[in-house]
Every structure is written in structure tokens, then in C-alpha cells.
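This briefing is intended for reading alongside the sequence and the model.

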Amino acid sequence: MSRMNRRTFIKGLGAATAMAAAPFSLVEIAWGRQKEESFTFAYISDAHINHIKGTEFTRNFDKGLERAVAEVNFLFPQPDFVVFGGDLAQLGKKEELDHGLELMSKVKAPVKWVIGEHDYYLDLGKYWEETISPLYYSFDHKGVHFVVLNSILTDDQWTHEKWPSPMERMKQMARLDNPQGSPFMVKEEQRKWLARDLEPVDRSTPVVVLSHSPLYQVFKPWNFWTDDAAQVQEILRPFDRVHVFHGHVHQVLYNQIGNISFAAFLATAWPWPYPVSYTQEPNAVPGMTVFMNRADPHSERDGTGYGSIELDDGFAKHYELWENRPRRLRSSKQKGHPVDTNFQAPDSRIPPQRHY
Ligand SMILES: [Fe+2]
Ligand SMILES: [Fe+2]
């Protein structure tokens, strides 16, 4: 580790310690030796703003997003931008998106938006596209090429023909364990766009992909899954280094496939269980993942949390957990993939379902 990178590393740790349990993540990028090339961005995800009636919204979900926004605004120096990782709304309603936007409007830094299935399946992204952001796009920032994908598309027949109403379609897609659901996809049109977008980008340029669902396959019954992930990975394969950051799973999850690292961010709304708790179907939770502990429902901010990522010569992800030791994952040049820096053997881990 160079001196520059070591400083970066320590600074990241300090931020993580100071901000423990705040429901957002901070990404620190220090590609070069020049300090001015380094920058940070923050990441807030899965707010699930839920409309009850009139001006009433689920209070706890509002509070999670409000706290994340406040903590991000306290950061000094400010991040260059904030990524919202999708699922701003619970059922894609205008009331929910508008209320979520109102809470997010307090963010001082510019916001980059990623759409989630809960934002999409009521009107197929129409309101999102009109008022918030394109559904997929790319941008360059200080030597890094960022790509935002809409990874929650699915079959045309399921989307356009199967359901009697848009709200019925939305409710089917909003359920976690739903045999009527349909696997997420990036789909061919967007894959072609991605290939064209990346064509002029030098292979040594770091590429950061922001998607809502993981761009690999963890567990199909809960849609922790992108059906055409392998084809998307193929398009990303020629690059020296690619980092995929995603929401959707509401839990600690990390993986490395060849040149691509994958890291999930926690939700501001609630934590999902791990698929291993559902024994009926095989799962592919990556072996490098050390589970976060399950949440205590009597502590309404438990199960949401704080993390930081540093990208320099390698990759490091730090998760602040609850009733468990913090996790730190860092690239290993010898092994060619990230390793847990204080590895917990599976049989000595604190069980994720200790409470319930
Ligand atoms: Fe979500
Ligand atoms: Fe989602």
C-alpha cells in the first residue's frame, strides 16, 4: 500500500467509526497518486417511502431517509455527488415519489438516480423519467467512467399482458417471495447501449456500474438475481477493473467475478433476511459474504447501517454492523480477489438469526 493509499485507508476508517450506524454509505476513490484526482461519493438506497393515506406516510421509513440525508449533509468535505440506489417508493405512486423527492431535495450535493422495481412497475418508469432522471445513462467524473443501468426490467409478456391493472402488476413485483414474480433483466436494448457506450472508453479506465439488483445471481425466488447478468459481465470483461454497486438486497453482500467486484449497500428502510434462511431452494450467497446480524424490531434503526468503500489500487469495503464485529474486505494481490481482513470462519460467526 502506498503512503497515499494508506492515508486514504485510515481516513476511511475514521469516517466509518465516527458515523457508525448512520444509514448510508460513503465511497472514497483514490485512483492516482495525485490528491486532486481523489474524490468521494455517498450512497443512499432503498427508502421505500410508503403512502398510507392523505398526507400520511410510514413514519419509520421517512425517518430512515431523513437521517441518511442529514448525515450525508454533515460530511466534510462534502461528497462530489450522492447516488440514490433505487426503491425510493414502495408502490411507485406519485405521492410516494414526490414525498421521497421532497426528503431528498435537502441533500446539498448533486444526486445521481438509479431506479428500483418499486419505482418502476406502476407506470413503467414514466413519472421517474419525466421528473427525476433517465432510466439508464453514463457520465464521467475525475477519470472514472460511471454507468447507471436499469436492471429491473422483465419479459414483455409479464409486463404488458399478464395483469389486469398496473397496480396489480406493481403489487406482484413488490412481494419478496412470490411465485408469480418474474426475474429481473437488463435486456438486449440496454446491453447493446452499454456495449456502444463503453466502446470509446480506454480499457484501463476504471468503470463503476450502478445498478439496483446485483449483476450476478444469488437467489431466484426472491429476485436477488439478474437473469442476463452473465451477458452484462461479458461486456464489462475487457476492462482492467470494474466495480458494481447495488441496492435491492438490503443486506451485506459482496462478491468478485474475474475483473468485477460487487458490493451491496444497506437500505434506509429495513433489512432483508439471507436466502439461506429459506431452505427450500438452493442459494448462491457468495462465500466472501459475512452475514450481518438480524435486526431487532424493537430498535427501529437496527438492520439499516453505515458502510464505506475505498477504491484505490484495489478495493476495500467496510460495513458497520449491529451486535456483530465490523466487516472489512480488501483486495488481495496474491489471491486476485478481495479477502475478509479479519476473517470469521463460518462456524465461529455470530448467527444472523439469533433473535428471531
Ligand atoms: Fe428495496
Ligand atoms: Fe428492489
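A residue is called buried when its relative accessible area is under 20%. By that criterion, the buried residues of helix 7 (residues 166-174) are Arg169, Met170, Gln172, Met173 and Ala174. These buried residues pack against helix 4 and helix 6 (156-160). The structure is a predicted model, and the points below are grouped by topic.

- Glu117 and His248 are both buried.

- Six strands form an open sheet in the order 7-8-9-10-12-11, and their pairing is mixed.
- Strand 7 (137-141) and strand 11 are at the edges; each has a single partner strand, so one side of each is left without a neighbour in the sheet.
- From one strand to the next, the twist averages 20 degrees.
- Strand 8 (residues 144-148) pairs with strand 9 (residues 207-211) in the parallel sense, over four bridges.
- Within this pairing, Val209 in strand 9 is the bridge partner of Val147.

**Helices on the sheet**

- Helix 8 (residues 188-198) packs on the sheet and touches strand 7, strand 8 and strand 9. The direction of helix 8 makes about 170 degrees with that of strand 8.
- Helix 9 (residues 229-236) lies across strand 9, strand 10, strand 11 and strand 12 (260-264). Relative to strand 12, helix 9 runs at about 130 degrees.

**Nonpolar core**

- In soluble globular proteins, nonpolar side chains tend to be buried together.
- The largest nonpolar core here has 102 residues, of which Leu65, Leu88, Phe146 and Phe245 touch the most other members.
- Leaving aside residues up to four places away in sequence, Phe146 touches Ile29, Phe39, Phe41, Phe81, Tyr137, Ser138, Phe139, His141, Val208 and Leu210.

Note on methods. Residues are numbered from 1 along each chain as its sequence is written. Chains are lettered from A and ligands numbered from 1 in the order in which they are written. This is a predicted model: local features need pLDDT of at least 70, side-chain atom pairs count only at pLDDT 80 or more; totals for chains, interfaces and linings use all residues. Side-chain values use heavy atoms; hydrogens and water are left out. Buried means under 20% relative accessible area, exposed over 50%, partly exposed in between (1.4 Å probe, protein chains only). Two strands pair if DSSP finds at least two bridges between them. Helices (H or I, at least four residues) and strands (E, at least two) are DSSP runs, numbered from the N terminus. Axes are lines fitted to C-alpha atoms, for helices over the stretch in contact, and angles run from 0 to 180 degrees between N-to-C directions. Contact means heavy atoms within 4.5 Å. A nonpolar core is a set of buried Ala, Val, Leu, Ile, Met, Phe, Trp, Tyr and Cys residues joined through side-chain atoms within 4.5 Å.
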